[in-house]
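Thanks for passing this one along. Here are my notes, point by point, to read beside the model.

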Amino acid sequence: MQSRRPTTAAARTGGRPRSATADAAILEATRQGLVELGWSKLTLGDVATRAGVAKTTLYRRWAGKSELVVDAVAELFDELELPDRGSLAADIEGVVLQFALLLCRPETKTALMAVVAESTTDEPLRARIRASIVDRQKRLVLAGRERAQARGELPAEPDADSAGRTADLIFDVIAGAVVHRALVSAEPVDEEWARRFTLLLLSGLSAATGSGRWP
């Protein structure tokens, strides 16, 4: 089961029709500029030049650099997909390894670290990160849980509020552990680490759901 690719801020809005080609060029130019120049030196004018568009084109789409960078990062995270490897444990390991590879890319690492740092003093930016990246990528947890329940690996959770809290917790644990390992500790996220992490996660998940089926 593959999730439908979420809509980015580059989707068509009211008024003048949006150009998907221009949007893609702008987001790619933003990522390249961040890698080469860093957050402090990157300007919308530089992005416009790299993308081959007028600066006004950027301002029609994004209010400022922070919003543009969030969407440039979000587009990368939208590449993540839930693999079907035959079991919940194998699916989790696949997502973890895929996520780690994404974080190793210079454009992902630079853009993500920069925008998170900026968001510490910018609540609207923090909210945009939650909406454009965090909430969108929870689709992977929801799809994985649905698949595991269909296989009989996890019990159904009839209480919607409880199920939502569990999904949030699973996402936080996976994202937090992989980001910390790859970007903060700068340690490898290899198959052995992914396997051990998954066993630990599933042990906690069995307690949270009362399934008693893992590891």
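1. The expected span is 1.5 Å times one less than the number of residues, and helices here are DSSP runs (H or I, at least four residues) numbered from the N terminus.

2. A word on the basis. This is a predicted model, in which local features need pLDDT of at least 70 and side-chain atom pairs count only at pLDDT 80 or more, while totals for chains, interfaces and linings use all residues. Residues are numbered from 1 along each chain as its sequence is written, and side-chain values use heavy atoms, with hydrogens and water left out.

3. Which residues of α6 are buried? They are Thr-108, Ala-111, Leu-112, Ala-114, Val-115 and Ser-119; buried means under 20% relative accessible area, exposed over 50%, and partly exposed in between (1.4 Å probe, protein chains only). Their cover includes α1, α4, α5, α7 and α8, with contact taken as heavy atoms within 4.5 Å.

4. The largest nonpolar core has 58 residues, and Leu-68, Phe-77, Val-96, Leu-103 and Val-178 touch the most other members. Such a core is a set of buried Ala, Val, Leu, Ile, Met, Phe, Trp, Tyr and Cys residues joined through side-chain atoms within 4.5 Å. Helix α5 gives the largest share of this core, 10 residues.

5. Leaving aside residues up to four places away in sequence, Val-96 touches Ile-174, Val-178, Val-189, Trp-193, Ala-194 and Phe-197. Trp-193 and Phe-197 are both buried, and they form a stacked aromatic pair, 5.2 Å centre to centre with 5° between the planes. Rings of Phe, Tyr and Trp (its six-membered ring) pair if their centres lie within 6.5 Å; planes under 30 degrees apart count as stacked, over 60 as edge-to-face and the rest as tilted. The two residues are 4 apart in helix α9, so about one helical turn separates them.

6. Do look at the salt bridge between Arg-136 and Asp-78 (2.9 Å, N to O); the term needs a side-chain nitrogen of Lys or Arg within 4 Å of a carboxyl oxygen of Asp or Glu. Arg-136 lies in helix α7 and Asp-78 in the loop between α4 and α5, so the pair ties together parts 58 residues apart in sequence. Both residues are buried.

7. Asp-168 and Lys-138 also form a salt bridge (2.9 Å, N to O). Asp-168 is partly exposed at 33% relative accessible area, whereas Lys-138, at 19%, counts as buried.
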